[in-house]
Amino acid sequence: LTVCPSGCDYGSIQAAVDAVQPGVTVEVRSGDYAGKIDINKSLTLRGVDSGAGLPVLRQVGDDSIINITASQVVVESFHLVQIQETVSIEKAAIVVRSSHNTILGNTFEQCGMACILLQDANFNSIHKNIFGEEDANTAVAVQENPPSREGTPVGCWPQQAVAQPALGIVERFTIILQKASYNQVTGNYGQQLYTQISSGTMSPGGSNNQASEYKSSHQNLVIGNTSKVILEFSVSDNIISNNQGAIEITELT
């Protein structure tokens with residue numbers, strides 16, 4: 001089944017996704033497509049250069065571009081552009097809240113808060129995606145006393161974007177694994193980007209100053225990325241190897 005601005009089965013990606021049966025491949029040809037895509041069935045969504053470059057998926061408003069809630073979904077070979085700043089990591093360019101999916105060979109020109117978020121998502125593969133370097137010299141100003149990394153603005157700018165951890169500057173991320181296990185993050189490319197693995201919301205609360213309830217992230221495989229890998233809040237048994245950035249471990253106290 002094909003999608004293109006004119007002359008194909010559909011002119012809208014969402015209309016094609018809604019119409020197909022599970023297991024079908026939706027081929028999206030060159031063009032500029034705007035709006036959120038909700039994928040709630042097993043399918044392959046594949047971008048194809050039909051003569052004018054890979055299809056471009058653009059954010060509308062402050063929402064995500066692709067939201068995946070089904071299993072066995074493949075999203076491959078798109079150019080994603082998320083310009084608008086969003087208010088939480090929950091509106092990353094691609095959000096996955098299901099298992100056994102593949103995010104492969106996509107290019108992220110810019111992301112608002114995060115490029116890819118896996119949340120309550122297991123056994124997924126994020127492989128050979130390219131994160132743009134257009135904003136290598138951009139730093140983001142935040143409140144004078146920034147909150148903890150959990151819940152702060154994050155995104156897909158290279159490490160140079162944050163420079164030194166000076167007051168008022170927030171680290172930005174490309175890939176976030178939150179309450180996510182058994183995922184593979186391999187061969188993704190950028191400029192010393194940040195990948196975060198955390199166990200979810202961990203802010204202290206309650207009369208006994210206990211940490212809020214969380215679900216651990218464990219046994220993820222993060223190999224061969226140009227990333228600094230950050231492990232936060234009681235994550236365990238993750239395999240981190242051959243990434244070009246340093247590893248930072250922040251345990252809950």
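Reply: Start with pairing: two strands pair if DSSP finds at least two bridges between them. Strands themselves are DSSP runs of E with at least two residues, numbered from the N terminus. A caution first: this is a predicted model, where local features need pLDDT of at least 70, side-chain atom pairs count only at pLDDT 80 or more, and totals for chains, interfaces and linings use all residues. Residues are numbered from 1 along each chain as its sequence is written, and side-chain values use heavy atoms, with hydrogens and water left out.

Me: Which residue in S5 is the bridge partner of valine 26?

Reply: Leucine 45 is the partner of valine 26. The strands concerned are S2 (residues 25-29) and S5 (residues 44-48), paired in the parallel sense over 5 bridges.

Me: What is the order of the strands in the open sheet?

Reply: The sheet has 9 strands, in the order S1-S2-S5-S8-S11-S14-S17-S21-S23, with parallel pairing. Strand S1 (2-3) and strand S23 (239-241) stand at the edges. Each has a single partner strand, so one side of each is left without a neighbour in the sheet.

Me: Now salt bridges. How many does a search of the whole structure find?

Reply: The general idea: a side-chain nitrogen of Lys or Arg lies within 4 Å of a carboxyl oxygen of Asp or Glu. Here the search finds 8. One of them joins arginine 58 and aspartate 32, at 2.8 Å from N to O. That pair links distant parts of the chain: arginine 58 is in strand S6 (residues 56-58), aspartate 32 is in strand S3 (residues 32-34), and they are 26 residues apart.

Me: Where do aspartate 120 and lysine 179 lie?

Reply: These two side chains meet in a salt bridge, 3.5 Å from N to O. Aspartate 120 is in the loop between strand S13 (116-119) and strand S14 (125-127); lysine 179 is in the loop between strand S16 (175-178) and strand S17 (184-186). They are 59 residues apart. Aspartate 120 is partly exposed at 35%, and lysine 179 is partly exposed at 22%.

Me: Which residues are linked in a network of salt bridges?

Reply: Lys36, Asp38 and Asp63 are. Within it, the closest N and O atoms of aspartate 38 and lysine 36 are 3.9 Å apart.

Methods
Helices (H or I, at least four residues) and strands (E, at least two) are DSSP runs, numbered from the N terminus. Buried means under 20% relative accessible area, exposed over 50%, partly exposed in between (1.4 Å probe, protein chains only).
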